[in-house]
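Let's take a look around this one, starting with a helix and then moving on to the packing inside.

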Amino acid sequence: MEFTEYISSHIKDLKSEMFEELLKHLCHSADEFREVVKADMRRQMFAELFLHCDHGKVGFLDRQRTLALLELFYDHSSQMLRSLLRNPRQWPFIEFEEINLTELWGDMDNQKHIYEGFDKVLLEMNTLLSAKHASKTQSKLLESPDQPKLNEQRTSTPPPNPPEQQRGVTAEQGPQRISTEEQEQGKKPTAEQELYIESVIEPGTHTESTLEQGSSRGLLTGQETHRESTTEQGQHKGSIEGQGPRSVSVSEQGLSRESVAEQGSRRESIAEQDRCKGSVAEQGSRRMSAAEQGSLRESIIEEPYQKSEQGPYGEIISEEQEDIGSTSQSRKDSILKTTKYGESIPSEYIEVPLQEKRSWEQTYEKEIFLSSELQEEVPTLSRKDHFSETTKKEVQKDKSCEPKSQKIEGKSWSGEFFTCNWKMKYVTFEDEEQANLIYGNSRFTDLHSIIRNIQSCKEVKGRTAFNGVSFNLLQFVQLLETFVGEDAPLSVSETLTSFFKEGYVETEQEKMNALEQFSQNAFQVRQRLLLEAIFQKWDSDGSGFLDLKEVDELLYTYKEGMEKESMKKAKLHIQFPNPHPGQEVRLSSKQFQNYMELVVSELRGNEDQVLESVVEFLMNALERSHIESLRNCARWKWLHQIQRAAETSGVSLEPVYSETFKALTQDAEAHGNKKISAHISLLEENLLLPEKGNVLLRNVACTLDDALFVLNRVLYRDMKGISFTVVDEGKPIHVPQVQYHGNIFFWNQSRNKNDYNGSLLALPLQDAYMRIFGVLAVDTLRDPHEINIFLPHEIRFYQGVANAFSTAYHYVHSREHILHIVITGIGWLYDVTSSITSITTYFVEPSPAQDSDYVLRKMMVTGQLGLTEIHKNPPTIHRKSCIFRDFLFKCTDSSEVVLASACGETHIVVPLRERTGEALGVLDFNIGQNRMLLCQEYKDLQKMMKVVQVACYEILGEFSGEIDKKYILEIENVGEVQRAGILFFRIMLLELQESIQLLSSMEFVSLLLYDHTLLTEPNSPQDSKSMELEANVKLVRDVLKAVILFFHPELEFSSDFGSWDKCKFYVNKYLANNICAFDPTAKHVEVNVQLIDEYIRGHSRTEVWKFGNVVIEHLYHWIHICSALTKITKQLNSAITPPLPSKTDNYMYAEVPGEGLQEK
């Protein structure tokens, strides 16, 4: 009633047409909501399965065992069910690191797709649709030659296949065709068969999603064929009603169905038991190959299955069919089936509740979406060929507003979403658990407030890290949800759950190992929290470092020096940072933790007890007054705010500048009673006035009162000032009284010289490699007090501010470089694919609200033309506002790939991972109304994402100091921004070169045999085969000529280059070596990129893929990468610019260098 009243208040003034549109929109949203509820029920089912399989309650399950069980379930499933399930041997179930280079770059087997036989089924369906449309158009022209061809311009769903064409489709489907010859001959099923199965096997109704998702999206492959046959039956019933019922035999159409006159009634059919056993036999060879490929995973589950009973592991989940509004029958009335291990899972026998079935009008209206490559070749007909406009409106109205049962596949919904609070109920984050244990331990009372502050300032909460070894609950549920897909009914999930409960068996040794791993993980988290708290207590001024000498002096007094020699051994296993000026070795928080972990490991006794004992000793030894404790707490809070500003900035430095100056001014007022001014200057290469020095310092930010005099001003080496001394020496310089120094440059020249009274502190800004990149300057010239000298504790805190700013600064720039890498990768992907509608890039940020874990920032969107729109103020996406697009948060939560649909479009959501395995962002690939990308495009997407992820790891490792920078191509030495722009191409080039090295010389020589084949062919009229052969020869020649031109650019002007017989000699044993050592950005490389592009431009990516030669496949990609790098090198100053927009723009557009392929 409340809903009715609420809606009524908004529709008083609406016209009838507008009201109908609103009603359809609400009904569409209701259908979407039903899918959300169904997904929630499925997730609850899988979560309960996880808890059942987690026998030791350690919070994780073995990844290899889980994947092995999925492979086993997939192998023993019927062909029809495999058309819905995703192949667990393909990405995203396996990681990029687990895919061999030869398989990623050279394997062009279309069968290795996430959907089995996807390309083949799609191509056959589109061919049939094209042929049928052509024949219908011709017949119409013959019937009414004078009638205008208006219908050809209209677009709607093509009419279904005639019986003879359906026979052609179902013949290819193999096991999906279910024989019911016994039924047609009047034979009744035996009692044994009745106990074996009871199902509805009408094509197009084997899954609830295929019935309900008309409003959301269209499906391809075999499912669409099923819908077509159902549509045709409904169409005949509507068009020839009155001619009497028409029966169509199964033997003619290859599918089990009843007469058209009985379409509205409940359909039941019993298939032969021998038929199902036969399907198992047909899959034998497939299972054998699977066993060879996954021997490791098979061995994992072999022993438990030998120990377990050969009892039932699955059941056919038949749901009671009922009319709308009727109550469900008891589950005891359903016919259950048990299957011994080794038999197939006949999941085509899945019964769908009658109230969930779509009417024939809805099935007819369901649109078949074709791949973008073939879509233009298949024109469609108008629906007016069969229905009048009035009838069409009535059908559409019935379709949109058709009443549905409140039950989901016969199951009642509680009205509450399981996943709303399942993190709080089921998912435990170890750091929070260990923090709570520490709070309850009275030994560490002095550390409780520090640990609470650490936990409250944690970067991003609620994410789980992918480790490649085990799955936690979120990851396990997401993996099974990806495997089952959205189109399978809940009954399939129930069968999978029963299978897992029987199959996931651990040995006692494995259980003990899991418990040990769980204890070790808990200890490491507890150790990190305690040591970080001790570091912050010790570093009371927030300088960000401790003196190693001071640390050792205190540690050696532990147990009155009895453990001194053991502690010294820890120094043999750690590499300390280089001493600072004055021979002082400083330990950062992370370095201190690593050192203390080694110290604890060298001491005798239980590690957990030793850790607590050492921490308690240090805590009691570090006595701090109440005032010092309060100052320490406030300062660390301000330092955390600087880092948080970077994390919530939307990849902008302005919030970081603001929070840095805020920390300085607040501390000066609270702990120094001073009024300060501050500015930040960064080093730049001096291009305009090199005679003044090769570098300069530019003031990029300052406090507000000094903006007029300081901002954007430049300091050169030949000018007064102490900033360059700080840069050269790498240590802070404190000038107590600037008026007596004589080498201070005053930015405000209008100030009276008598007012030059105050102190100046200049601090170096250093990166993770201790390289200076700028200066932070703080002064008290605006302070009215006569004595305003900086005290030692203030100087130490300002050092901490400089350190926090450096970390935040590089955090923002690392994300900026990642955006640059993603833009480059997207540009490459758009050049080789055509089915991607858009790509949206999101970054993960901490949520400003206390009741939320994180938010997503929409950083940029790439449209179908390849133009990327980058936002200056990225929109914020909250979890609560994304009930229909929760796949973005599912991906971030689990750090796993998510395949989902929303509003009729399919999305492939891929995480960008931190080096720790957590998601720092997600890429949302929208492929429109296609069910999935073709195999070639799916493979290219994998290549792009693998290279982007490797580049992200490298960028993040370099900015954190974990890895050393690698300069491989010459262009990488030009600058950081230029390097980020070409990093994607560099990594892809190295991967290709490594993969080419694995090719044999005979594979290169074999390319020259195509000429011989062409010459031996007799001169005959051009047929399709000979034309294809000529096209292949031209492809081989053009690719090889393009490669040769990179190493012999002088051949461009030689007459020999026109003769292929002479060009052949350049294809020799040295060619592969030259390719693998080639640097297209080297200064000595002078090639005609335009000429090379002309040889390649005429050959599409699809042509190369269909040619199927591994060498041509490699060389084709190699040529495009080298061409792009050469163009970037030639346009160095203009081609590579930072992707962030300027301060005055709301957004900007970015486009990578290079020309896109017209045909892909």
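## A helix and its end

Helix α34 covers residues 935-960, 26 residues in all, and spans 37 Å from its first C-alpha to its last, close to the 38 Å expected at 1.5 Å a residue. Keep in mind that this is a predicted model.

How much of α34 is covered? Mostly, it turns out: 23 of its 26 residues are buried. Just after α34 comes glycine 961, which takes a positive phi of about 85°.

## The nonpolar cores

Now for the packing. The largest nonpolar core takes in 219 residues, and those with the most contacts inside it are Leu447, Tyr798, Ile908, Phe925, Met944 and Trp1118. Which helix gives the most to this core? That's α32 (residues 792-832), with 21 residues. Another core, of 20 residues, lies apart from the largest one; among its members are Cys702, Val735, Trp747 and Leu760.

Back to tyrosine 798. Leaving aside its neighbours within four places in sequence, tyrosine 798 is in contact with Leu664, Asp667, Ala668, Ile676, Leu761, Leu763, Leu776, Val778 and Phe790.

## A loop valine

Valine 651 sits in the loop between α28 (626-647) and α29 (654-672). In soluble globular proteins, nonpolar side chains tend to be buried together.

What about leucine 819? Valine 651 and leucine 819 are 168 residues apart along the chain, yet their C-alpha atoms are separated by 9.4 Å.

Note on methods:
Residues numbered from 1 in each chain as written. Predicted model: local features only at pLDDT ≥ 70, side-chain atom pairs only at ≥ 80, totals over all residues. Heavy atoms only, no water. Core = buried A, V, L, I, M, F, W, Y, C linked by side-chain atoms within 4.5 Å. Buried < 20%, exposed > 50% of the residue type's maximum accessible area, 1.4 Å probe, protein only. Helix = DSSP H or I, 4+ residues; strand = E, 2+ residues; numbered from the N terminus. Contact = heavy atoms within 4.5 Å. Expected span 1.5 Å × (residues − 1).
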